[in-house]
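Could you walk me through this structure?

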Amino acid sequence: MFSVLQNKQKIQFKFNKFPYLIIDDALPEDLYKRLNSNFPRYEKIIGQNEYKENFAYRYNAFNSLRDNEISNDWKEFIRFHTSYEFLEEFYDIFGESIKKIYKVEKEKLFNKNNIGVRFEGKNHFNLDCQFVINTPTSGETKVIEPHLDNPVEFYAALLYMKEENDNSEGGNLITYDFKDMPSFYGKSRVREEKVNLIEEIEYKQNRLVMFLNSPYSIHGVSRRSKTKFYRKYINIIGEFNFELFNYRNFLEK
């Protein structure tokens, strides 16, 4: 199975306030098309949940690997991206950034014996590879404002799988940096006047975006135009069973 990080010559690695990368043509075209054609039914991903417009629904690795309707190609993809081999690939690229931000060596992070698929058991480090969809919207709608991910999360990778005929605009990932000291409100949200835009990364087919989570990893998603299309992608996650930092120290009163 090819890794989403396999196209090394196309990696655009960026480290301003927080490290992230962009890879276009992340997967070989034939594999991408095969996976795309076998993407699970949207009804399966929504499941028994109430349907809402422009809402994110997820189907995790724990369920996918036990589901007879998920293709073998997808199961192989999920197994690899929840494996120690993938963790080593991630560390080869982000290792120096990890040392700068967290002041820790690889041996202190994870090993073959203390990782596992999220929700499968009690692991020191949990991995997931989720199918994600954002439902259609009947008007221009914001997806999510500047925010910080859960502080247990160590990294996240997004493999975009935009539909061939989807001509809608927006739904792009936006990276930010703070104008001053980190400042949050609510559940790790950030007011737009507190940040500067670093980059807007277009949602497009077979594009990978991956970032290291930290108190400075502020990101959001731009407004989506009216569309009948689902916004779909794969979310690859690695997280510890404890918080890496405490953003609550910066919460606004």
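Predicted model: local features only at pLDDT ≥ 70, side-chain atom pairs only at ≥ 80, totals over all residues.

Residues are numbered from 1 along each chain as its sequence is written, and side-chain values use heavy atoms, with hydrogens and water left out.

Let's start with the empty space. Rolling a probe the size of a water molecule over the atoms shows where it is left. On a 1 Å grid over the protein atoms alone, a pocket is an open set of points with protein on both sides within 12 Å along at least five of seven lines, while a cavity is a set where a 1.4 Å probe fits but cannot get out; lining residues have an atom within 4 Å of a point. Points are joined across faces, edges and corners, and a volume is the space filled by probe spheres set on them.

The largest pocket holds about 870 Å³ of space. It is lined by 34 residues, and the closest to its centre are Arg 58, Ile 144, His 147, Asp 149 and His 219. Among the elements that give two or more residues to this lining are β3 (56-59), β6 (144-147) and β11 (219-221), but the largest share, 5 residues, comes from β12. (Helices, H or I with at least four residues, and strands, E with at least two, are DSSP runs numbered from the N terminus.) By class, the lining has 15 nonpolar, 9 polar and 10 charged residues. Here Ala, Val, Leu, Ile, Met, Phe, Trp, Tyr, Cys and Pro count as nonpolar, Asp, Glu, Lys and Arg as charged, and the others, Gly among them, as polar.

The second largest pocket has a volume of about 180 Å³, and its lining includes Tyr 32, Lys 33 and Gln 205. The largest cavity comes to about 70 Å³, with Lys 162, Tyr 203 and Arg 231 among its lining residues.

Now for the packed interior. In soluble globular proteins, nonpolar side chains tend to be buried together. Buried means under 20% relative accessible area, with a 1.4 Å probe and protein chains only, and a nonpolar core is a set of buried Ala, Val, Leu, Ile, Met, Phe, Trp, Tyr and Cys residues joined through side-chain atoms within 4.5 Å. The largest such core has 63 residues, with Phe 77, Met 210 and Ile 234 among those that touch the most other members. Helix α5 (residues 84-102) gives the most to this core, 9 residues. A second, separate core of 13 residues includes Leu 158 and Phe 211.

What sits in the loop between α4 (72-80) and α5? Thr 82 is found there, and Thr 82 counts as buried because its relative accessibility is 9%. Its side chain reaches the backbone oxygen of Ile 78 at 2.8 Å, a polar contact (a pair of N or O atoms within 3.5 Å; within protein, one must be able to donate a hydrogen and the other to accept it, and residues adjacent in sequence count only if both atoms are side-chain atoms).

Finally, look at Gln 130 in strand β5. At 6% relative accessibility, Gln 130 counts as buried too. Gln 130 and Tyr 57 are 73 residues apart in sequence and 9.8 Å apart in space, C-alpha to C-alpha.

Notes: Buried < 20%, exposed > 50% of the residue type's maximum accessible area, 1.4 Å probe, protein only.
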